[in-house]
Amino acid sequence: SGGCHPRDAKMRLAREVVSLYHGEEKARSAEDNFVQVFQQNLIPSHIPQVILAPDFKNKEIIIWRLLTLSGLATSNSEARRLVKQGGVKVNSEKVSNVEAEIKVTDDLLLQVGKRKFVRVIIT
């Protein structure tokens, strides 16, 4: 009838389903996380980690290779395309040069698009 925005109805349904199976507190937490990541474009609180070997530490690596190693791109050509299209950020800084060399440090944050995040950990 136009009284409720479809997004609001979906959020209410999601909150009810999550609270049914996981409790009210988890439902509120999930909703808050959703609002932060998808509506306010903030960095999510839970980011998957990719572990690289110690020999990568403090070495410079071409951005497209780093994206492939981290699993954010399935191939080198896809990684190059993502950089050319402006969809790649390293530590919240946009990378637009396909041949940019990134110094690999512990706790490096990679982002592809608005929703794919990976934190690089060196062991």
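Glu-31 has a relative accessibility of 21%, so it counts as partly exposed. The cut-off matters here, because buried means under 20%. The model is predicted.

Start with the charged pairs. Side chains of opposite charge can pair when their charged atoms come close. Glu-31 forms a salt bridge with Arg-15, and the closest N and O atoms are 2.7 Å apart. This pair links distant parts of the chain. Arg-15 sits in helix H1, residues 6–22. Glu-31 sits in helix H2, residues 24–39. The two partners are 16 residues apart. Arg-15 has a relative accessible area of 26%, so it is partly exposed.

How many salt bridges does the model hold? The count comes to four. Another of them joins Arg-119 and Asp-107, with the closest N and O atoms 3.4 Å apart. Asp-107 is partly exposed, because its relative accessibility is 43%.

A further salt bridge pairs Arg-7 with Asp-8. Their closest N and O atoms are 3.3 Å apart. Arg-7 has a relative accessible area of 41%, so it is partly exposed. Asp-8 reaches 33% and therefore also counts as partly exposed.

Now turn to helix H3, residues 63–70, where Ser-70 lies. Is Ser-70 buried or exposed? Ser-70 counts as buried, because its relative accessibility is 8%. Its side chain reaches the backbone oxygen of Leu-67 at 3.0 Å. What else does Ser-70 touch, leaving out residues up to four places away in sequence? The contacts are Val-50, Leu-110 and Val-118.

Check the backbone here. Phi of Asn-91 is near 50°, a positive value in a residue other than glycine. Phi of Ser-92 is near 65°, again positive in a residue other than glycine. Asn-91 is partly exposed, because its relative accessible area is 39%. Ser-92 stands at 45% relative accessibility, so it counts as partly exposed.

Definitions and conventions
Residues are numbered from 1 along each chain as its sequence is written. This is a predicted model: local features need pLDDT of at least 70, side-chain atom pairs count only at pLDDT 80 or more; totals for chains, interfaces and linings use all residues. Side-chain values use heavy atoms; hydrogens and water are left out. Buried means under 20% relative accessible area, exposed over 50%, partly exposed in between (1.4 Å probe, protein chains only). Helices (H or I, at least four residues) and strands (E, at least two) are DSSP runs, numbered from the N terminus. A polar contact is a pair of N or O atoms within 3.5 Å; within protein, one must be able to donate a hydrogen and the other to accept it, and residues adjacent in sequence count only if both atoms are side-chain atoms. Contact means heavy atoms within 4.5 Å. A salt bridge is a side-chain nitrogen of Lys or Arg within 4 Å of a carboxyl oxygen of Asp or Glu.
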